[in-house]
Amino acid sequence: MGDPVDNASKVPATLELRIHGIRNTPPHELLRSGNRSLKPDDVELAWGDELAGFYRVKPEAGAGAEGAVAVASGTAGNGGSPRMVEAYSWGRLARFTGVGMAGRIADAAVRTAWFLLMPFGLTNAAYWSRPLPAVKQQAGADPMSGQAEPRIDYAVEMPRGRDGAGRIRLFALVLTLYFVVTAAVVSMDLIAVQCFPADVPDQERRVCSALPAFLDGLAGWTRGQRIVLLALIPVVAVAVLAAIAYLARTRFHPRPNLGNGAPMVAGTSGEEILALPTLMIRNLWEARKEIRYNGWLHVWASLAAVGAIIAWDGFWTRIDGVACGSLGTFFTECVPLAPGRIGLDGILMMAAWLVAAGAVVLAGIETVRKSSDNPDMPSRDGSSWMGPIAGGAIMSVLAAGLAAVLSGAPDGGVPGAARMLGLGTAPAGLMFVMLVLILTMSWLRRQGYDERTLGWRGKGSAVFSTLALGSATILSCAIVGAAATVLQRNLERRAATDDGMWRFGPVAGDVLIPPSVFTLFSGLLLAVIVAGAVAWGVCTWRAVRSMTWNTQEAAVSELLSAYDAVPPLPQQEAAGRKLVAARRTASLAHRAEAVVSLLAILIFLGLLSALILGTFKDWWSTGAVARLYGLIESMGVLGLAAAGATIVSLAVMSAKPNSRPLALLWDLMCFMPKTAHPFGPPSYGERAVPEFAARIAAWLDGADGAPQPAKTGLVAISAHSLGAVIAVSALFHLKSTRPDLPFNRIGLLTYGTQLRSYFGRFFPELLGPAVLATAPVARTKLTAAGSPDDERIVTGDPSVQFDVNLSHILGAGAHRWVNLYRKTDYLGFPVLYMGPGGAENIGTDPYAQEMDPFTYQFLVVSHSDYLQAPQYDEAIAAVVNSLPAPGP
């Protein structure tokens, strides 16, 4: 493309900077416009790498292309000045690792682990949906360089714990222990104990027939030795999670000087802002030391949990393996025997358990104690407790493991345990703690907001956490249930006969027994799925019957108006049916928030029911109630099959290139920085936001092929779907780090976006009406008619205000932010942007055509293909014309 300095006079003044959304539109499609199609070889990477970057059309590519200054749509507005068109592609962020030679292997591992990471990602979403405390920016200076360095502090002093940061991070820690216990159930209980029942009379030297032959020798080991060996599996599993979280990180480290313009230097403002939007916290998108600190807390707590599991089983199996293995007899028949049967091994085991339990409790306290309430806040309350926690975890594992390996079998008069003690109730105990934390999250309240304008009436943290626990339990049930099914293998074991040969044969009544809370929830899961499907079906039926606005006549009339065509439309009746069906689907899809609310309630009730039934099974499982237990547990296979079918279908969908499961939900989870769960999926925003902001700054600074002199260029952002979230966040990031830029030279066009109706409701302090200068909106109820006109209704008037919002950044004037949407778009909504004076900008949400004008046959378009609509050219021209004339 030549030297940027030499070509500066030839560069057009306006940069049309496009960014895709959740569909991960490839660059050659993102750079097309109208009927002008491009091939992958027609575009080139101008700046970036294999994960993300900015693409341009090659000078020689495409009919009508005019070299490096190819114009996507002919001659634009702004005095007839052509535009430079670039496409920012970020689709591989947070999905792939980009680690060179190991990339393919690591990519496959990350893709396989997506479903394991989903509960952790939902926990991070819960953290950002909590009531974020108000912060202010105070003037300050770096003591070393003397450069202005603003300091962040609380705007209003808030009582400790009111915002829920600590309890959500505590929930994240317990969720990690839940994962550890699941792995321990498979390796230490099902395999090490139940598949090698050496302590069970008449079953010595028997082995589950499904186990590989090289494990047969473990039948000669003691129970404790097998447990210690297979305890490595949950430890390694946690290490794998930590490795995946590290490998999949995405960061943006720009070179010190972007092109030939001014360097991108943060901290150039000492301005005092009393009510600062969270998106303007300067280091928001940087990798945080605090999450690494939490990561080590999770690692040491997991190790301590493994030590506690070994020690608990080792202690109580020496008391009474039968009485101590049932909650119904533990306190009445087991505990009274303990004083007379505790030996030296038992004392060591109990000491190890106490140390391990103490380390886990300390890790929980430290997680809450070190939870800062906002990203720029330092850790509080004294020195670190990491040393004692790590020391306790290591000591407990070594002590419990050593005692288990060196001690033999219990005395002959002590009944042996057919299961590993403690692991039957540990999942229920952790589930109870998390359910209590979810209830406390539902009590969090926001001041100054109308609950109708908040997602789930302000209970987003509780909803996301419920989904996290529900998905984690479904995965645990599937893993444990699948392992038990494979290991049982038609209830056969193999045993060494007198001639030393291993034989196969059935053992009467031989069934591997997973924790009851897993088997019961598996059965109740079917009821949850059926109840949800029935409720959704009834509500959908009522909603469709009330859609009197959705008629063929209205749809065809609006299409002809948008197309500027004279009726009648060819095949008008068939076209009308297609439009009505597409609009109905989009209207139903707009009820996603209500559907998620219903799903969260059903999951919570299912978890609570499984916990209660599992806890009291030893007392209630008699007579007719026993038959109820049997019925629920027998449905477990069907429940897991239904959940498994869902997971498989999502896995198939995520097998496509550059894709991921549950597109919108995944992007909700992965956009904001990781601040709650250290093993969650990486945040693509940590790179995408500052990288997109850097490109805008470079163009305005006259760097990297931008027009000269500096600050004479114009930027028209064109953002689709989730790309609008990245673009808006980049503008706030620029306002914080580069307040010297001429922001009146930046305009915004969005289309198919969820900013107002989803992100603004779920994360009001981040992207709510007070931040974006948009009108508040209520959610669409499940049974409502769901007319698109209802989405333009203003609901409530929040009293919360920030000193800086998007209208202050974009400046005054019409068409500073234009948003396209169509009634067939299942993910697109109006934004109702308000100008600086508070009056609504009329015409900022024009309808886009619902038909692709360039296909051979009639094709209804929905969330994609906005670039082909004639309204796109009109909208981008309006945005460009709202910018000042090119030049100094």
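This briefing describes a sheet, the nonpolar cores and the cavities of the structure above. The model is predicted. Its largest nonpolar core has 202 residues, and eight cavities of 30 Å³ or more are present. An open sheet of three strands is also described below.

**Sheet**
- The strand order in this open sheet is E6-E5-E8, and the pairing is antiparallel.
- Strands E6 (151–154) and E8 (273–276) are at the edges and have a single partner strand each, so one side of each lacks a neighbour in the sheet.
- On average, neighbouring strands of this sheet are turned by 35° against each other, direction ignored.
- Strand E5 (residues 135–138) is joined to E8 by two bridges, and these two strands run antiparallel.
- Val135 has Leu276, in E8, as its bridge partner.

- In soluble globular proteins, nonpolar side chains tend to be buried together.
- Within the largest nonpolar core, of 202 residues, Phe692, Ile696 and Ile717 have the most contacts.
- Helix H3 (residues 165–194) supplies the largest share of this core, with 19 residues.
- Apart from neighbours within four places in sequence, Ile696 contacts Leu17, Val715, Ile717, Leu731, Leu734 and Ile746.

**Cavities**
- The largest cavity contains about 90 Å³ of space.
- Its lining consists of His590, Arg591, Glu593, Ser757, Tyr758, Arg761, Val777, Ala778, Arg779, Thr780, Glu791 and Phe829.
- Helix H23 (residues 755–762) provides the largest share of the lining of the largest cavity, namely three residues.

Methods: Residues numbered from 1 in each chain as written. Predicted model: local features only at pLDDT ≥ 70, side-chain atom pairs only at ≥ 80, totals over all residues. Heavy atoms only, no water. Pairing = 2+ DSSP bridges. Helix = DSSP H or I, 4+ residues; strand = E, 2+ residues; numbered from the N terminus. Axes fitted to C-alpha atoms, helices over the stretch in contact; angles between N-to-C directions. Core = buried A, V, L, I, M, F, W, Y, C linked by side-chain atoms within 4.5 Å. Buried < 20%, exposed > 50% of the residue type's maximum accessible area, 1.4 Å probe, protein only. Contact = heavy atoms within 4.5 Å. 1 Å grid on protein atoms, 1.4 Å probe; cavity = no way out; pocket = protein on both sides within 12 Å on 5 of 7 lines; lining within 4 Å. Points joined across faces, edges and corners; volume = space filled by probe spheres on them.
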